[in-house]
Amino acid sequence: MESMLNKLKSTVTKVTADVTSAVMGNPVTREFEVGRHIASGGPGLCWRIYNGTKKSTKQEVAVFVFDKKVVDKYQKFEKDQIIESLKKGVQQLTRLRHPRLLTVQHPLEESRDCLAFCTEPVFASLSNVMGHWDNLPSPMPNDIKEYKLYDVETKYGLLQISEGLSFLHSGVKMVHGNLCLENIILNKSGAWKIMGFDFSISSTNPSDAEPKYTCKEWEPNLPPLCLPNPEYLAPEYILSVSCDSASDMYSLGVVMHAVFNEGKPVFQVNKHDIFKSFSRQLDQLSTMSPALLNKIPEEVREHVKMLLSVTPNVRPDADQMTKIPFFDDVGAVTLQYFDSLFQRDNLQKSQFYKGLPKVLPKLPKRVVVYRILPALTSEFINPDMVPFVLPNVLLIAEECTKDEYIRLILPDLTPVFKQQEPVQILLIFLQKMDLLLTKTPAEDIKNSVLPMVYRALEAPSVQIQELCLNIIPTFANLIDYPSMKNSLIPRIKSACLQTSSLAVRVNSLVCLGKILEYLDKWYVIDEILPFLQQIPSREPAVLMGILGIYKCTFSHKKLGIPKENLATKSLPHLVSLSIDSNLNLNQFNSFMMVIRDMLSRMEAEHKTKLEQLHVMQEQQRSMNISNPGSQSEETKSPPSSGTQIDDIFGSSGVNGKENGAAAAAPQPNRMSLTLEEKQRLAKEQEQAAKLRNQQPLAPQTVRPASANNSKTKDLTSSLLNNMTSLNTLSLANQARPAPVQGTTIAAFPAPGPMMGPMGAPVSNGFNQPMGFQTGGMGMGIRPAGPGLYGGMATTTSTPNFGALTQNQGQTNKAPNLSALDSLFTPSQPKVTLNQMGPKPTTNTPWLNQFSSPQNTQTAMQGAPVGMGGVPSGFGMQANPFFSPQNFSQPAAAAASLNQSGIKQSASVNNDLKDLFG
């Protein structure tokens, strides 16, 4: 690596030293910055060619430098001759102005060390391209080393030389005298230019029709730089010391031969014996063999043979050569037309530019980029020609690399992006938007390209808006997301809402539908879908466009619409649109198909959610349910939160408790508690805690009935006291809504379990445990549907007042507590559930104010003394909300009924599973 760096350093140092030594002190350096050595040219390739720039304008130029050290080996007289010859050639070139002659930008300047002048930018001389690398920099530039001429370049180059000679012969009456490969220069764009007028001969009678030229005799003793290249000279120049325009045509023939034969002329000339060589050459030309011209294309071979003729009169003149069929190649004609564009009017130019896209693919890329493109971009200053030129420029841009596009094309396109007239410019750019976004740098896209699209969306022309909306989806994937979200989409929405054209509105919806896939899901839900409800018109095309956006969003795997949005916004909007009278049957069916798909997905998603919630609640419930234990443990331990919730919300089945052990049944899925339910639950838990903290009540001995015969029982007062106690309980606990008839789920389940004298839960044998809460005895009220207990007759909570009527008639007797006494008997015959059920009665408004009609079935186990300090005299017969018939059976019957009740509970649970899964 170090050796390579040292080599590079030495090379740079050498080049810098050469430039410094050669140009230092020359007046050219005052105005021009001299760059690196790139080529050589002129007589004997004696001129070194450097690239350079003008300091004031930064214009690119080529600097030709002749170092006087080259001629130090000659005598002073010879040096002076060489310098004078070179100066003459440059001065003559400076006076002549023609497109086929090398253009001089700064005249010759002489200093003590060198001669220098500046011309248009140059690539190399034709001799360099053909493999003659004398006076070239080291190492050899790769662009010259690898340069190969295309056929179209060769044809058009020879045509240009012919046109240059025609100008000299006909216009200036001058013979070049030294036309050869060294004096043909290829400029930066590849055009062939003539230079090297060191030995040019002007006519002695320019005004006459037949010009006469005087030729100098060949002096073999002069330095080579003082003589023309003998290999390209016509025979008469040496042998008869005569010349005319035909002599230049012979030189052209040799140049054509050299171009097709790798730079080799027709004959090699011995410069030491020039006359003998030319004599031998003359004989060979007289009997020219076909093998001499076999590499020359057949269509021009005959013309080259004529140019190399010994007789000057046989040679075609320059004007005739420009018209031979060989130069009628489409590429050569195209390049020739570009060189004469300044002579054409706009109509001729427009016709030419229209046909140019058919020709460009047939031409080599180098020719198109460096020859045709500069001519096209120069037309951008003419607004009327831009619509004709722009398609060709963009066609060339497609074949260029991104670097070539940025370097050669974009600087000229940037001003055109901002042109709004004529309108065709905008249309052309929109059609090639994918190309622009692919090859233009991001900063230029943001500053130049996208603003042009925005102007198109806001243009007053409906046609431009339609075209823009149709084209945007084709390059939407190339637009960065912030620009699309913040600039492009708002303008599309504005165009849709503000336009009066149905086509623009429909195309806006179609455009939005096509670019949905490049947008974010929540941006579509928050910005696009609400926008659809703002569209005012109801034409079928607009409605179908709206439907299409909904369908694309709904069905796209990246987007989708949440079920909440479907239920609250999308479906209501679509349903309202679907019944529009403008829709036909097929369109209505399309709406309904999308609506059904949305409903199906919404149903499936919500059902899945509910099933998952159900599974989670079941898992939570199974974790909270404690294993059944002994009666003493159950009595001491407070009920768990899961048991409390079960007691509050109840169960669809019939849960029984035997010997104080609770049997839990699976509960159906429930929603979360409301605030009121939570408040009620808190109060009930608080009261249950109070009951648990009270001391157990010892059973009192029942006095004989005869002891109370003397005291009359006031049933009305007792009933009112009991009603007041129940009313207080009802006010303490919020009223529960009446159950829905026919349902199997309790609206509000029973309170906590009813406690016996020892604090043990009391069971009625076939229903949930019931408990006393305040003011005596609490009632477990549980609604039940017709089939809740497997065929039991539906009853209400209205008590049977038959006993009450009887007691009122027996005012002088103590209350009959035989029904309570029967609860403690060891064994009684079994009775059926129907015998224990309360008699159906009719609901009365007076009773409804205390308790809603419900199926109430209760049983009491324990002492005849009530809970919470209520006197024992307040028994079942004194309570008007219970039927004494329910408790007239012995305890053994209740125990046997519990087994029957469990069977009924299993049946009910199965029914619930069928309904609620």
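**Exercise 1.** What does the accessible surface of the protein come to, and what share of it belongs to carbon and sulfur atoms?

*Solution.* The structure is a predicted model, in which local features need pLDDT of at least 70, side-chain atom pairs count only at pLDDT 80 or more, and totals for chains, interfaces and linings use all residues. Residues are numbered from 1 along each chain as its sequence is written, and side-chain values use heavy atoms, with hydrogens and water left out. By the Shrake-Rupley method with a 1.4 Å probe, the accessible surface is about 45,300 Å². Carbon and sulfur atoms hold 54% of that surface.

**Exercise 2.** Determine how helices α20 and α22 are arranged.

*Solution.* Helices are DSSP runs of H or I with at least four residues, numbered from the N terminus. First, locate α20 at residues 462-475 and α22 at residues 502-515. Next, consider their axes, lines fitted to C-alpha atoms over the stretch in contact, with angles from 0 to 180 degrees between N-to-C directions. These axes come within 8 Å and cross at roughly 15°. Therefore α20 is roughly parallel to α22, a class that covers angles under 35 degrees.

**Exercise 3.** State whether D403 is buried or exposed.

*Solution.* Begin with its place: D403 lies in helix α16, residues 402-417. Then apply the cut-offs, which are under 20% relative accessible area for buried, over 50% for exposed, and partly exposed in between (1.4 Å probe, protein chains only). D403 has a relative accessible area of 52%, so D403 is exposed. For the whole protein, buried residues make up 48% of the 917 residues.

Notes: Helices (H or I, at least four residues) and strands (E, at least two) are DSSP runs, numbered from the N terminus. Angles under 35 degrees count as roughly parallel, over 145 as roughly antiparallel, 65 to 115 as roughly perpendicular and the rest as oblique.
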